[in-house]
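Visitor: I would like to learn how to read a few features of a model. Please show me the structure and take them one at a time.

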Amino acid sequence: MKLKRVVVTGLGALTPIGNNVQEYWNNLIDGVSGAAPITYFDATNFKTQFACELKGFNVEDFIDRKEARKMDRYAQYAMVTAQEAMQDANFNLDKIDQDRAGVIWGSGIGGLETFQHEVTNFVNGNGTPKFNPFFIPKMIADIAGGHISIKYGFRGPNFTTVSACASSTNALIDAFNYIRLGHADIMITGGSEAAVTIAGVGGFNAMHALSTRNNDPKTASRPMDKDREGFVLGEGAGALILEEYEHAIARGAKIYCEIGGGGMSADAYHITAPHPEGLGAKNVMLNCLRDAGLTPTDVDGVNMHGTSTPLGDIAESKAIQHVFGEHAYTLNLNATKSMTGHLLGAAGAIETIASIKSIVHGIIPPTINHFTDDENIDSKLNFTFNQAQKRDVKVIMSNTFGFGGHNACVLVKKLDL
């Protein structure tokens, strides 16, 4: 069976450094940090008092107030980015087969704020179980994809992938596979997360996973820097429209790039820590290259998982050197989480969008907040520190790794390769 080609024809983004794709991209290139003191709740007593929240976002600019109240923030974010991506793709819904159009979404946690709110209200009550009738439909991790499919009438494959911080990359790979195997023509895919909550920050603090650099939030996310000490929690969403190549050509669609391949692996090592030698990270990149039918020397750059954790950055750097050998020193490596923070289940989607824009514009966003080299990381590797670099980008990979040892990698390439 000959696999079909899959292209990207629409993009949508809602991030701590921009409420649409263009704002997001401009601020990536300018090296803008999205970290700031938390405004959603009083974080005075928390070890970490800052996060990468959305800024200037009003859901009622996009969704009717009555409908928005039926959704957790993570689902609201999904709907807003799906709308931007669908408008970008410029479909005539009357002229597509909606039975062959689907939604595969990713979220690592889902409706955490809704769960927190409802349980807190019960605990603070008199013991009578008074719950909002929308409690369950707002909380469950699959509901974002349900809302999207209902809005656009897409009756094809519809489900949600949950693999912690690899969730939206897994969703993208699944959507890619459904199209190239001939089961669908169009897929809305991506991921969303809204974990900047009391439970989210408190839980990650209890694990000692978050940076506690409260006196200087904007430089707290510092991947590959010697003094990194944890990730910065972010929120938002990213949406991509994947389409079968001939279907896109037939309707005269604008095409950003082609999805070349996807890889998956497991560390099978620890529930939160990466394999110290980056074994799972190595395997997922090799699997991705194999799936794409490309060699390491075909790749121009890697958008690293790069969370700014002491162990994770070292393991991923080792894995890149293992996979790419001497070619590793010619790659542009970058970690956009230095600007956006870590969007957990939505990270893969927004980082794939950044990778696609690098291909379109020929420029690699920087890894900001680098001050001191880490002697455990090869300083000859080009991490695109502190300033964007121009480059003709034909092939780029994006890595995402999740608690539980879940690894996912997607490869995007110029259409004419």
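Visitor: Which residues does His-406 touch, leaving out residues up to four places away in sequence?

Guide: This is a predicted model. In it, His-406 touches Ser-163, Ala-166, Ser-265, Thr-400 and Phe-401, with residues up to four places away in sequence not counted. His-406 belongs to strand S14, residues 406-413.

Visitor: How is the exposure of His-406 classed?

Guide: The relative accessible area of His-406 is 35%, so the residue is partly exposed.

Visitor: How are two packed helices described?

Guide: Two packed helices are described by the angle between their axes and the distance between the axes. Here helix H10 (residues 279-292) packs with helix H11 (residues 310-324) at an angle of about 40°, the axes being 8 Å apart. H10 is therefore oblique to H11. The crossing of H10 past H11 is right-handed.

Visitor: Which residues of H10 and H11 meet?

Guide: From H10 come Ala-281, Lys-282, Met-285, Leu-286 and Leu-289; from H11 come Ala-319, Ile-320, His-322, Val-323 and Phe-324. The residues of this contact comprise 8 nonpolar, 1 polar and 1 charged.

Visitor: What about nonpolar cores?

Guide: In soluble globular proteins, nonpolar side chains tend to be buried together. In this model the largest nonpolar core has 39 residues, and those with the most contacts inside it include Val-8, Leu-11 and Tyr-24. Among the elements that each supply at least two residues of this core are strand S1 (6-14), helix H1 (21-29) and S14. H13 gives the most, with 6 residues. Another core, of 32 residues, lies apart from it, with Tyr-74 and Val-103 among its members.

Definitions and conventions:
Residues numbered from 1 in each chain as written. Predicted model: local features only at pLDDT ≥ 70, side-chain atom pairs only at ≥ 80, totals over all residues. Heavy atoms only, no water. Axes fitted to C-alpha atoms, helices over the stretch in contact; angles between N-to-C directions. Helix = DSSP H or I, 4+ residues; strand = E, 2+ residues; numbered from the N terminus. Parallel < 35°, antiparallel > 145°, perpendicular 65-115°, else oblique. Left-handed = near helix turned anticlockwise from the far one by under 90°. Contact = heavy atoms within 4.5 Å. Nonpolar A, V, L, I, M, F, W, Y, C, P; charged D, E, K, R; others polar. Buried < 20%, exposed > 50% of the residue type's maximum accessible area, 1.4 Å probe, protein only. Core = buried A, V, L, I, M, F, W, Y, C linked by side-chain atoms within 4.5 Å.
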